[in-house]
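Subject: Structure handover

Hello,

Here is the structure for you to look over. My notes on what was found follow below it.

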Amino acid sequence: MSLVLDPAAQDLLFREARTANTFTDEPVTDEQVQAIYDLVKYGPTAFNQSPLRITLVRSPEARERLVRHMAEGNRPKTATAPLVAILSADNEFHEELPQLFPHFPQAKDAFFSERVVRENAAAMNATLQAGYFLIGVRAAGLAAGPMTGFDFEGVRKEFLDDDHTPLMIVNIGKPGPDAWFPRSPRLAYDQVVTTV
Ligand SMILES: Cc1cc2nc3c(=O)[nH]c(=O)nc-3n(C[C@H](O)[C@H](O)[C@H](O)COP(=O)(O)O)c2cc1C
């Protein structure tokens, strides 16, 4: 009763949505990914810094190179998902700040001249955006399989550069047969929320 979002949308985004481990071979198009991005780009980040970067792994050759860096248990699903995306944080996001935060263009130099500060900010804010992206995948009627079981340095060297830090790799598609384990329990409200 307290939520204003349509109950069907609540189910689609959260209650019925699951982390998929198998997928059908129905393709995920660039148009779908663009629609997802154009929705979730509005999720908030500090200074609107928007440090998330997304690398779509489409060619069979690139997929093969990626699978080599995955943990053993993650290999079959990464090899067979219709689409795999590498989500990374851009540690040089400050270059775009004058465009992204035009009412305070000095933010770039006033707050983000030090690389270590940028790395910390990018890690937090790109991870937030990765969460928005996972929910956006669900909004497109697709299932996401996020994974951090991979060789981070290997993936950085293979697909990114020194200015980008991998965050997670996401399998995307329609769920296939036996796509998930039984739902694991979540913490109850009282275990999580305190009031002072
Ligand atoms: C950041 C992140 C990393 C994850 N890494 C892996 C992984 O490497 N391998 C895997 O099989 N599942 C991985 N998972 C899947 C989680 O175990 C799964 O999302 C969680 O148990 C909830 O499952 P449910 O959405 O089906 O309820 C990861 C999930 C997230 C969000």
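First, a term: a residue is called buried under 20% relative accessible area, exposed over 50%, and partly exposed in between, using a 1.4 Å probe and protein chains only. Aspartate 109 is exposed, with a relative accessible area of 56%.

Some ground rules. This is a predicted model, where local features need pLDDT of at least 70, side-chain atom pairs count only at pLDDT 80 or more, and totals for chains, interfaces and linings use all residues. Residues are numbered from 1 along each chain as its sequence is written, and side-chain values use heavy atoms, with hydrogens and water left out.

**Overall picture**

The protein has nine helices and four strands. Helices (H or I, at least four residues) and strands (E, at least two) are DSSP runs, numbered from the N terminus. Along the sequence the order is α-α-β-α-α-β-α-α-α-β-α-β-α.

The C-alpha atoms fill a box of roughly 50 × 50 × 35 Å along the principal axes.

Of the 196 residues, 40% count as buried. A contact means heavy atoms within 4.5 Å. Among contacts with a separation of 6 or more, 79% join residues 24 or more positions apart.

The accessible surface comes to about 11,400 Å², and 58% of that belongs to carbon and sulfur atoms. Areas come from the Shrake-Rupley method with a 1.4 Å probe; for residues, only the protein chains shown count as cover.

On charge, there are 19 positive and 26 negative side chains. The centres of the two sets lie 4 Å apart. Lys and Arg count as positive, Asp and Glu as negative; His and the chain ends are not counted. Each charge is placed at NZ of Lys, CZ of Arg, CG of Asp or CD of Glu.

**The annotated domain**

An unreviewed UniProt entry carries the annotation "domain: Nitroreductase" over residues 17-174. UniProt positions are given in the numbering used here, feature names are shortened, and annotations may be inferred rather than shown by experiment. Over residues 17-174 the chain is 42% helix and 18% strand. The end C-alpha atoms of that stretch are 11 Å apart.

**Residues in helices**

Glutamine 10 sits in helix H1 (residues 7-15). Glutamine 10 is buried, at 10% relative accessible area. Leaving out residues up to four places away in sequence, glutamine 10 touches Leu3, Leu5 and Arg15.

Aspartate 38 is in helix H2. Aspartate 38 is partly exposed, at 32%.

**Residues in loops**

Glycine 73 lies in the loop between helix H3 (60-67) and helix H4 (75-80). Glycine 73 is exposed, with a relative accessible area of 59%. Glycine 73 and phenylalanine 150 are 77 residues apart in sequence but 9.9 Å apart in space, C-alpha to C-alpha.

Two backbone angles deserve a look. Most residues other than glycine have a negative phi. Phenylalanine 47 has a positive phi, near 55 degrees. Phenylalanine 47 is in the loop between helix H2 (30-40) and strand S1 (52-57), and counts as partly exposed at 24% relative accessibility.

Aspartate 178 also has a positive phi, near 45 degrees. Aspartate 178 lies in the loop between strand S4 (164-173) and helix H9 (189-192). At 75% relative accessibility, aspartate 178 counts as exposed.

Best wishes
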